[in-house]
Amino acid sequence: NAWVFENFSAYNTGGILVFDLPDLPKKRGGHVKVWKNKIIQNNYKNFAPKGNIVGQVPPGTGVMILATNDVEIYENYILDNKTASTAIVSYYITENPIKDKDYVPYPSGIYIHDNVYSEGKRTPTRKNKMGTLFWLKFGRRVPHILYDGIQNPDWLAADGSVKPEYRICIRNNENGTVANIRPDKIGLFKSAISRDLKPYDCEYNSLFSKR
């Protein structure tokens with residue numbers, strides 16, 4: 001239930017991180033709006049203590065949404081973050097074991113729209129597992145909006161599509177290129193990348209009230 005707006009978030013390792021983590025008293029957080037922020041050049045080396053979850057955030061991350069739900073990212077300037085301008089990922093990408101039986105490790109109900117991203121090439125860090133993955137997949141042409149594609153099978157309809165309330169929606173982002181890394185199974189990213197925006201052409205007007 002957080003509103004994050006009109007901040008200047010710059011020159012760190014990661015700009016704005018929206019996480020839902022296991023082993024916490026509060027379950028299924030989320031319900032977050034992030035708008036009218038300037039999220040710029042968050043390319044500094046990661047100085048978090050070893051073992052800390054934020055220590056796995058790659059330098060060059062603008063916005064990261066990890067395993068949380070009902071998040072709207074809009075009307076932000078997300079510029080010159082060299083690894084991942086916006087990443088939507090499940091907790092599985094951390095490769096950490098999950099012992100919390102009540103924890104839901106998947107992102108859902110995410111709406112990213114009307115943001116401005118920078119033009120030009122980006123060079124992801126190779127001093128981080130996630131950054132190295134993006135480098136191997138994309139080189140210096142990393143799409144601005146990255147989705148790890150790991151889905152909860154319980155959220156799929158009979159035809160294999162994601163049920164409406166769990167969808168990732170992406171619309172009207174300036175320079176906002178998109179890629180789904182599409183893993184074969186949890187932990188492996190060997191299948192072809194999808195750059196098709198059509199599966200994410202939706203909106204969540206009923207979920208988010210303006211101001």
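Me: Tyr-106 and Trp-155: buried or exposed?
Reply: Both Tyr-106 and Trp-155 are buried. Please note that this is a predicted model.

Me: How many aromatic pairs does the structure hold?
Reply: There are 11 aromatic pairs in the structure. One of them is formed by Tyr-106 and Trp-155, in an edge-to-face arrangement with 5.7 Å centre to centre and 65 degrees between the planes.

Me: Where in the chain do Tyr-106 and Trp-155 sit?
Reply: Tyr-106 belongs to the loop between β9 and β10 (108-113), and Trp-155 to the loop between β12 and β13 (168-171). The pair thus links distant parts of the chain, 49 residues apart.

Me: And Tyr-147 with Tyr-200, what sort of pair is that?
Reply: Tyr-147 and Tyr-200 form an edge-to-face aromatic pair, at 6.1 Å centre to centre and with 85 degrees between the planes.

Me: Which parts does that pair tie together?
Reply: Tyr-147 is in strand β12 while Tyr-200 is in the segment after β14, so the pair ties together parts that are 53 residues apart in sequence. Tyr-147 and Tyr-200 are both buried.

Me: Which residues form an aromatic cluster?
Reply: One aromatic cluster is formed by Trp-3, Phe-5, Trp-35 and Tyr-74.

Me: What lies over the face of Trp-135?
Reply: Arg-126 does, at 3.9 Å from the ring centre of Trp-135. Trp-135 itself is in helix α1 (residues 129-138) and is buried.

Me: Staying with α1, which other residues there are buried?
Reply: Besides Trp-135, the buried residues of α1 are Met-130, Gly-131, Leu-133, Phe-134 and Phe-138.

Me: What covers the buried residues of α1?
Reply: The cover includes the strands β6 (61-66), β9 (84-89), β12 (145-147) and β14 (178-180).

Me: What happens at the start of α1?
Reply: A side-chain oxygen of Asn-128 comes to within 2.8 Å of the backbone nitrogen of Met-130.

Me: And what follows the helix?
Reply: Gly-139 follows α1, and its phi is positive, near 65 degrees.

Me: Back to Asn-128. Where is it placed, and is it buried or exposed?
Reply: Asn-128 is located in the loop between β11 and α1. With a relative accessible area of 12%, Asn-128 is buried; the cut-off for that term is under 20%.

Me: Which residues is Asn-128 in contact with, leaving aside its neighbours within four places in sequence?
Reply: With those neighbours left aside, Asn-128 is in contact with Gly-55, Gln-56, Val-57, Pro-58 and Pro-59.

Me: New topic: how many disulfides does the structure hold?
Reply: The structure holds one disulfide. The bond joins Cys-169 to Cys-202, with an S to S distance of 1.9 Å.

Me: Where are Cys-169 and Cys-202 in the chain?
Reply: Cys-169 lies in strand β13 and Cys-202 in the segment after β14. The two are 33 residues apart, and the pair links distant parts of the chain. Cys-169 and Cys-202 are both buried.

Me: Why is the disulfide called left-handed?
Reply: The torsion about the S-S bond of Cys-169 and Cys-202 is about -105 degrees, so the disulfide is left-handed.

Me: β13 leads me to its pairing. How do β10 and β13 pair?
Reply: β10 and β13 are paired in the parallel sense over four bridges. Within this pairing, His-113 has Arg-171 in β13 as its bridge partner.

Me: How many bridges are there between β7 and β10?
Reply: Strand β7 (residues 69-74) pairs with β10 over five bridges, again in the parallel sense. Here the bridge partner of Glu-72 is Tyr-111 in β10.

Me: How many residues of β10 are buried?
Reply: Six of its six residues are buried.

Me: Last one: what is the strand order in the open sheet of four strands?
Reply: The order is β2-β5-β8-β11, with parallel pairing. β2 (8-10) and β11 (116-117) are the edge strands, each pairing on one side only.

Me: How many bridges join β2 to β5?
Reply: Three bridges join β2 to strand β5 (residues 38-40), and the two strands run parallel. Phe-8 stands opposite Lys-38 in β5.

Definitions and conventions. Residues numbered from 1 in each chain as written. Predicted model: local features only at pLDDT ≥ 70, side-chain atom pairs only at ≥ 80, totals over all residues. Heavy atoms only, no water. Buried < 20%, exposed > 50% of the residue type's maximum accessible area, 1.4 Å probe, protein only. Contact = heavy atoms within 4.5 Å. Polar contact = N/O pair within 3.5 Å; in protein donor to acceptor, adjacent residues only side chain to side chain. Phe/Tyr/Trp six-rings, centres within 6.5 Å; stacked < 30°, edge-to-face > 60°. Lys NZ or Arg CZ within 6 Å of the ring centre and 35° of its normal. Disulfide = S-S within 2.5 Å. Pairing = 2+ DSSP bridges.
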